[in-house]
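Biologist: I'd like a close look at just one part of this one. Could you take your time over it and walk me through?

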Amino acid sequence: MKILVLYNTVDGNTQAVAEAIANALDADLVKIVRVKGVRAYGFFTKLKHRMEVVRKKKPDIFPLRKDPRDYDLVFIGTPVWYDSYNPVYNTLFDVIKIYDRKIALFSTGEEEDTKALDKLADYLVDSVLLGKFHCVEPIWCDTDEETQEILDKAVAWAKNIAQEAQQMKEKEELERRKTIYKY
Ligand SMILES: Cc1cc2nc3c(=O)[nH]c(=O)nc-3n(C[C@H](O)[C@H](O)[C@H](O)COP(=O)(O)O)c2cc1C
C-alpha cells in the first residue's frame, strides 16, 4: 500500500510528528513550502496570519514533489493557526482535489483542541476519513522522554490507521474481483 505523509510546519513541531509517522510506516514524506517564508512571532506578523486564516487566503506554495492522488493512504498534518489549519491548505486544495482516497489528519498546537482538523476535514468529504490525531507541541516538551512519549502515541495511532486502510483495500480488491470474475 502506498502511503504519503503530507505536512506543513513553521517551527518544526508538526514536522517531528510527520517524520515519526513516515519513518514508522516507511511512507513518502512531503512538506508543503510557502514561496514567501513565514515567521511565527511579531505582532504584525501574527495579525497578518490571523487575517490569512479568517479570510481563507491562499498563500503561494511551491509545487509538491509528489501527487497525493497517487497514494492509497494520505496523512495530512498541520500546525493549528487561530483554531484552524494552516492557510497553505486553502491553496493546495484549490489546485488539487483529493477524492476517493483514504485520509488521516493530524495537528500540533499550543492547546488540546481538534477544531483545526474538523475544518480541514471539510475539504476532504469525498474521501474516507480514517481518523484524527492532535498533540501539544512535541519538540517543546520539558524533557526528551515527554517528546518521545508524544511521538510514540502518534506512531501508534498511525499504525492502526495504516492497518485499517490495508484491510479496507484488501476488501475492496475482493469486491472488485467478485464483480469482474463473478465468483
Ligand atoms: C500564527 C499562529 C497562530 C497560532 N494559533 C494557535 C491556536 O489558535 N491554537 C493553538 O493551540 N495553538 C496555536 N498556535 C501554536 C501552534 O499551533 C503550535 O506552536 C504548533 O505546534 C506549531 O507547529 P509547527 O512547529 O509545526 O509550526 C499558533 C501559532 C502561530 C504561529
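Biologist: What covers the buried residues of α1?

Modeller: Keep in mind that this is a predicted model. The cover over the buried residues of α1 includes the strands β1 (3-7), β2 (28-31), β3 (73-79), β4 and β5 (128-136), along with the helix α5 (144-181). As for who is being covered, the buried residues in α1 are N13, T14, Q15, A16, V17, A18, A20, I21 and A22.

The helix itself checks out on length: with 13 residues at 1.5 Å each, α1 should span 18 Å, and its end C-alpha atoms sit 19 Å apart, which agrees. Just past α1, D26 takes a positive phi of about 55°.

Now the strands in that cover. β2-β1-β3-β4-β5 is the order of an open sheet of 5 strands, paired in parallel. From one strand to the next, the twist averages 15°. Between β1 and β2, which run parallel, there are 4 bridges, and V5 stands opposite L29 in β2.

α1 also has a part in the ligand site. It gives the most to the shell around the ligand, 3 residues, while α1 (13-25), α2 (43-54) and β4 (102-109) each supply at least two. Among the 21 residues around the ligand, the nearest are D11, N13, T14, P79 and G109; N13 and T14 are also on the buried list for α1. By type, the shell splits into 6 nonpolar, 8 polar and 7 charged residues.

Note on methods:
Residues numbered from 1 in each chain as written. Predicted model: local features only at pLDDT ≥ 70, side-chain atom pairs only at ≥ 80, totals over all residues. Near = placed C-beta within 6 Å. Nonpolar A, V, L, I, M, F, W, Y, C, P; charged D, E, K, R; others polar. Expected span 1.5 Å × (residues − 1). Buried ≥ 20, exposed ≤ 12 C-beta atoms within 10 Å, placed from the backbone. Contact = placed C-beta atoms within 7 Å. Pairing = 2+ DSSP bridges. Axes fitted to C-alpha atoms, helices over the stretch in contact; angles between N-to-C directions.
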